[in-house]
Amino acid sequence: MSELSPFFGPNAGYILELYDRYRQDPEAVDPETRAFFATWQPSPLPATGGEEPAIVESRPIPPAPAAASFGESEVARAAATARLARFIRERGHLGAKVDPLNLLESTAPGLELSDHNLTPEDLLAMPASVVGGPIARESGNAAEAIAKLREIYSGTIGYDDEHIANDAERYWLRNSAESRQFFDGIDDARKREVLERLTEVESFERFLHKTFVNAKRFSIEGTDMLVPMLDEIIHNSAASGTQEVVLGMAHRGRLNVLAHILDKPYAKILSEFEAAKHEEGTSVAGRGTQGWSGDVKYHLGHRRAYTENGSPEITLTLVPNPSHLEFVNPVVEGQARAAQDVRNMPGEPVQEVNRALAIAIHGDAAFPGQGIVAETLNMSRLKGYCTGGTIHIIVNNQIGFMTLPGDDRSTTYASDLAKGFEIPVVHVNADDPIACIAAARMADAYRERFQKDFLIDLIGYRRYGHNESEEPSYTQPTMYEVIPDHPRVRELWADRLIAEGTVTSEQVEVMVNAAYTRLQDELQAARAGMARPSFGGKSDLAARPSRQQAPVTSVPGARLRELNETLLKWPSDFAPNPKLERLVFNRRREGLDVDRGVLWGHAEALAFAAILADATPIRLTGQDCQAGTFGHRHAVLHDPHTGATYTPLQHLPLARASFAIYNSPLSENAALGFEYGYSVHSPGALVLWEAQFGDFSNGAQVIIDQFLVSGSAKWRQIPSLVLLLPHGYEGQGPEHSSARLERFLQLAATDNIQVVNCTTPSQYFHLLRRQAAKIKNDPRPLIVMTPKSLLKDASVASSLADLAEGVFQPVLRDIASEKRAERVTRLVLCSGKVYVELMKHPAFAGAELVAAVRVEELYPFPVDEIRDVIRTYPNLLEVVWLQEEPANMGAWSFVAPRLDELFHPVHFVGRPESASPAEGSKMRHDIEQARILSAVLCNAPELVERREKPVLQTVSKR
C-alpha cells in the first residue's frame, strides 16, 4: 500500500474494517499492513460531491494509543456502517418484496443493524458519505442513506449482481440502481399506456377462459406484465437502430404474446379455438399426405413488421417451439446471429450486433431443469455464436407443472444458473408495473452498453392450473388458497392510477368494455367467415422441383486448378506445420495431375471454393471441425512459431461470399439447434454442422426430431442445414461406429430430408455443390453419413475428371459386372464403407455370379435407378441387402419393403439384431466383419436353364 493512496467506495469500508481489526489485535493482519497502520489513521469522512463513493484518505501520524473497545470505536462504527451498506447492496435481494403472494420466506443474513453491532443512533451520528454512491449525495446522514438503500435493494426489485467480476459492469449496475435512472420518464401518459395494455392482456385471457371452457391456452395471468415489458424493450431497441427482434418462448403466455406483441389477429387465434371445437371426435386420417400437418396454436410462431412514431420499420419474429420448452433457445440465438452476419463479401462474415436482438422467455422450472439452457448460455460469448447479448426473462409462476421449487431445483432462485456465466439478474415483483418497466429498461441499456446477456426474473404466479384443465389445489393447496382472492395486476394498477388522479374509474371501465367489445366482434367475424382449419393445407413441398431436375455441379478443370492453387498459398510471413505441408498439402498440389489423386478433404475444399465463387456463403461448425476430427480438413492453419492462424478459404480471389468455420463448444444439442436457427434465417447460405462422431448426434435428438425433420410439416420452416455424421464400423466399439442411420430413415417422409451415404470424394463434391445450388428453390436438410477410414483411402480417391464432369449419382452401378450381366445371379445392394471392404475381399475378384451396387442416396429412395439396375441382369435369382449394422439398425428396415416391391426374394446379410450398435472389441469386430463379407460372396445360386426365375415387380415410382 502507498501511504498517499486514497481508498474509494467499498475499499473505504474494507480498509476501515481492516484497521479496526488491527487496533483490536495487530497480529490479526499481515506484517506489511501492520507496518502501514502503525503510522496511519483515517481522516474525517466528508460528503462527496463527485460520482465516486466516499473516499478515505491516508495521512501519516505518530503511533496511536491503545484502541478503545469495539463498541466505542468511531472507526469500528464507520466500518460496520460501510459493511452494512455493502451487505444491503450485495444481499438486499434476499429480503426484497418480489413475491406478489407473499409466500416466499425472506432469508437475509447480515441486513439488520444488530448483525453489525449498530444502533439507529449510530447511523444518525454517521455521515452519509460512509454509505457512498449516489445515495450519499441525497442523504443527510447514514441513517437516511441506509433507509434509501433498503428501499432500492429490498423493495419490489432485487438486484442480484455480486457475482459480476468486471468492475466497470458492477459499478454501472450499482450506479444505475441507486440513481433510479430507469424509473425516470414514466409519466402519466406512459402509465395510461401500461394500463391500456394490461387491460388488453387480461381481457383476452378472461374472454378465452369464458368462451372456450376447459380449452388449453396456458394463460399469462399472474405475469401479465410480460407484455408491457416486451413493449418497452422492443420500443427502446427500435430507437437504438435494431432492425430485427427474435423472440423465443414456451407455451405459457404465448397466445397473448402472439396477439399483442406479434399482432396476430384476434380473429385468427379465435378461429383456431373454434376449429379445435369442431374437430373434436372427427377423423384426421389421410391428412398431411402433402407433407403439411400444422401444429397446435400455442406452439406456432409469427412475424410482423413493427414501426412506431415514424421510426424505421423493424421485424419481430416469434420462433415456433414444440413442447420441449427451452429447446428453442439456441434456435433463437442462431436466427439472431444469422440476422447480424453480413455474408455477401469474401472472408469471414462481418457481424453487426445492433442489427438484431434476441429475447429468450423462460419458465422458472425449465430454466434450471433443462440442460440446453446452460449449453446455450455458454455460447453467449463465444466468437462463432455470440449475438451481442440476449435479454432473458423468466416468467416465474413459482411452480412447474405441479411441482414446487423445493422439488425442482437445488438453488435459491430459478435464475441462479445464470450467475455462473456472470449474467446480471434482476428479480422483480410482477405486480409492480413501474418496477417491471424499470427492469426492462435496465436490461436493454446494459445489453446495449456491454453487449452481454441480462436476465429478468419476473416473479408472479399462475392463476389457474398448468393447462387450465387440471385442479392445482389438489397438489398446491396453500398457494391456491391465496391466488383466487389475489387482485389481478390490472386491477392493482388501475386503483393506483385512480388514487393518483391519473385516470378515473369511468375511464378504466371504458377501457375494459372496449376490449371485450372488440373481442366479441372478432369472435363473430371469425365464426361467420371461418374457413376449414389450415391443419391439412397443401404443403409448399408439393411445388418442389422434381429430383430429375438436377443442377449442374461440375466445375471446369481450369477453374478447379485455379482454385486449388489459391487454396495452397499463404502469406510470406506465415508457415503452416511442416508435417502438414509434407503429408497433406504436397499431395493436394499434385492431386489434380495424377489419376485418383483427390482425397475426401481435398474434394471438400475444392467444392467449398467453387461454391464461394458462385456467391453462396458457407458456415461450418462442429467439434474440432477446423482441422477435422480425423485430420482430413485443415481448413484453418496454425503457424507453429507465431501461433498465428490463416484460413485459405477466406482469402480466395474468386470468392464472392463469406466463409465461416468455428470449432463448437462440447455440445450437440444447443450447437445443432443454433445451426438450425441460422439455416432457417439465412436461406441463401450453405450451413453445415459436423459431429465429432456420428453417434454424438444422439445428444441433439430433440432438435433433430422436433425441428430439423418436422419443422417443414409443422411450421413451414424448410432449412437447408447439412449434417456431417462420421459413420462406419471399424472396431471402435459400440460408440463411434454408427451415426444411427436408421433413425433418420425412420423420420424421412414427404421429401422432408435427404439421407446420403457417399463412398467417393467426387460424389461428396457433387453432393455439396448440388445442395448449394438447390438452397433457394428446393431447400431441404441433408444428412450425410461421412466416412472415417475412407477419408484417406486411395482406393476410393477421385480424379480431376470426376469433379469436372458429371453429377451426383444416387446409385453407383457395378460397371465390371455389367460386362458379364448374363452370368450374374446375385445382386448385392449396399451403402457406404462396407462396399469398399467387399471390393477388397480376396474372393471378390472371382465372384463371377455376383454384382455389387452402391446405393449412395437412401432417401429419397432411388426407385427408378434400382429398377434399372435390376433389369440389367436378365438371369438374376436373388437380391441381397448387405450392411455392417445389426438387422434392427442401419438401412435394412427401411429398404426391405421398398426392394420387395421391385424384386422377390430379397435377403439380408449383416449383423444379427442387437441392443448395442457394435462389438466392444476390435478382434470380435474383425471376426464378424469377415463373416458377413464371406457370406455375401459365397454360394451364389448357379444359373439353371429350367429354373423358375423371380419376376421383376413393376411398381410406380414412390
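Two strands are taken to pair if DSSP finds at least two bridges between them; helices (H or I, at least four residues) and strands (E, at least two) are DSSP runs numbered from the N terminus. The model is predicted, so local features need pLDDT of at least 70 and side-chain atom pairs count only at pLDDT 80 or more, while totals for chains, interfaces and linings use all residues. Residues are numbered from 1 along each chain as its sequence is written, and side-chain values use heavy atoms, with hydrogens and water left out.

**View 1. Strand E19 between its partners E15 and E20.** Strand E15 (residues 618-622) runs parallel to E19, joined by five bridges, and Arg619 stands opposite Val687 in E19. E19 is also parallel to strand E20 (residues 722-726), through three bridges; here Glu690 faces Leu724.

**View 2. Burial of E19.** Strand E19 (residues 686-690) is largely enclosed by the rest of the structure, because five of its five residues are buried (under 20% relative accessible area, 1.4 Å probe, protein chains only). Leu686, Leu688 and Glu690 point one way, Val687 and Trp689 the other.

**View 3. The eight-stranded open sheet.** Its order is E5-E13-E14-E12-E11-E6-E8-E7, with mixed pairing. Strands E5 (157-160) and E7 (302-306) form the edges, each pairing on one side only. E7 and strand E8 (residues 314-318) are antiparallel over five bridges, with Tyr306 opposite Ile314.

**View 4. Helix H12 on the sheet.** Helix H12 (residues 329-340) packs on the sheet and touches E6, E8, E11 and E12 (contact: heavy atoms within 4.5 Å). Its direction makes about 175 degrees with that of E11 (axes are lines fitted to C-alpha atoms, for helices over the stretch in contact; angles run from 0 to 180 degrees between N-to-C directions).

Methods. Buried < 20%, exposed > 50% of the residue type's maximum accessible area, 1.4 Å probe, protein only.
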